[in-house]
Amino acid sequence: MTLPRERTVDWVKRLVRIDTTSREPNTPLIDVVAHELNRHGVTSTVLPAPRTGWANLMATIPAADGTTSGGVVLSGHTDVVPVDGQDWDSDPFEVDIRDGLLYGRGSTDMKGFLACVLAAVPEMVAARLREPVHLAFSYDEEVGCVGGADLVRGLMASGAQPRAAIIGEPTSMRAVLAHKSVNIVEIEVVGLACHSSLAPHGVNALTHAARIIGQIADLAETYATAGPRDLDHEVPFSTIGVNVAHGGIAANTVADRCVLLADFRTIEGHDPHEVLNQIKAIAAQQEELMQRQSSAARVRVRPLSMVPGLSSSASGAAAGLARDIGVVVDQAKVPYGTEAGQFAAAGIDAIVCGPGDIAQAHGPNEYVPLEQLAACEQMITSLLAHLTLPPEGTSASA
C-alpha cells in the first residue's frame, strides 16, 4: 500500500477537527487556510457570504513570470453534513486510522482533497510555473452549492480566467466528466385554519399539499417511462420527488400551512426550468381550487437552489489535462451534483476528481483509504510537474 505523506495526514486531522457542519460557520477553517497560505507568501482573498461567519476563499500562485490569469484551479467545499443520530465507532471530529482507512466526518467529502492541496502549497510556491495555480474553497455546498455560485463569480471577476478546473469531490481518483443538475424547490401551501368540527369552513393545507405530492410523483413516473433518457447514467432519466413535508399544529385543527421541499435532478437535454414551470403549474392548479373556498388561500413556489449539471467534452481542456497528468478519464456519468457545473456554466472547463468513494460520504464512519490520499498527492505532484518550466538554460524539447 502506498501511504500519503505525514504532512497530508496532519492536514486531514486539522481540518476534520474543525466542525464545519453547514449550520456552523466555516470561517474558522477559512482563517486557518488563509494563515497557512500567508505563511508561504500567498495572498488570499476572502469573500464573505451574506450571513456572518461564512465565506469563500480564493488564492493564486502565479506563474514564474508573474502571470495570474489562465492556468488551473483546484477547488473544493469546506462544509460537511451533520452527524446527528448517526452511530459512529469513533469521534467523528477526530481522525481515527484503522486498517489503512482514515475515519472522520469530511474525510472523503471532501477534506481529504483539501488536505492534499494544502500539503502541496510549499511545492506550488517553489515551482517555476508556466501557468498559475488557483485555489478556490467554498461554503455551503452541502445545502445546494450556495457558495459555489459566489465563488465562481468572484474568480471570474478577479481576472483569473482559469482554462481548467479540478473539483475534488470523491471519485476514487478518476476524472468524471458529467453529472445531473441538482435543484431544490420550496412549495408553501397556505390554507385557512378552523376547528376540525367545522372543517368545511376552513381550507386544509395538508390536503392540497398531498395532492401536489401526488402530482409530482406522477411527474416522476412520466420522466421514468416517457421522458428523455441518457443510458450513460446509472438512473438514465431525470428524477423528481417531495422529500420533506412540514404542516399542521393539532389533530383537531384544520391545517392552515404546509411546506414541502422537492428535489429534482435532470439529465443533459432536459431543461431544469421546464421542470420548475411544471411544478409551478401544479401549484397554480391547487391554488385555484383552494381559492374557491377562501380568497386568502395561496400556494407559493420558491427555488432554493438550481445547480447546473456538468457535461464536459472528452476532448476538452480539463479532460486533456487529466490525461496529461496520468488520471484515468471515466466516461460514466454520476448521479450526484457538484460545483463543477457552476464552473462549466461560467466557461471554465471542469472535471470532478478526488480521493475516496461517494458511497462513504454522509454516512456514519465516513472514511477515505490512505492509498487514495496518496493517489491524490500523486495527481497534484504530476500537475505541478506538467505546469513547471524546464530548468533555466534548458530548451523545452531537451
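A residue counts as buried when its relative accessible area is under 20%, and as exposed when that area is over 50%. The model discussed here is predicted. Cys 194, at 17% relative accessibility, therefore counts as buried, and Cys 258 is buried as well, with a relative accessible area of 2%.

| Cysteine | Relative accessible area | State |
|---|---|---|
| Cys 194 | 17% | buried |
| Cys 258 | 2% | buried |

A disulfide requires two cysteine sulfur atoms within 2.5 Å. The cysteine sulfur closest to that of Cys 194 belongs to Cys 258 and lies 16 Å away, which is too far for a bond. Cys 258 is accordingly in no disulfide, and the count of disulfides comes to zero.

Helix α5 covers residues 146–157, and its twelve residues reach 18 Å from the first C-alpha to the last, close to the expected 16 Å. Within α5, the buried residues are Gly 147, Gly 148, Leu 151, Val 152, Gly 154 and Leu 155. Viewed down the axis of α5, these buried residues fall within an arc of 160 degrees, so they line one face of the helix. Arg 153 and Ala 157, by contrast, are exposed on the other side of α5.

What do the buried residues of α5 pack against? Their partners are the strands β1 (44–48), β2 (55–61), β3 (72–77) and β6 (133–138), together with the helix α9 (340–345). Just after α5, Gly 159 takes a positive phi of about 85 degrees.

Key
Residues are numbered from 1 along each chain as its sequence is written. This is a predicted model: local features need pLDDT of at least 70, side-chain atom pairs count only at pLDDT 80 or more; totals for chains, interfaces and linings use all residues. Side-chain values use heavy atoms; hydrogens and water are left out. Buried means under 20% relative accessible area, exposed over 50%, partly exposed in between (1.4 Å probe, protein chains only). Helices (H or I, at least four residues) and strands (E, at least two) are DSSP runs, numbered from the N terminus. The expected span of a helix is 1.5 Å times one less than its number of residues. The arc is that of the directions from the helix axis to the C-beta atoms. Contact means heavy atoms within 4.5 Å.
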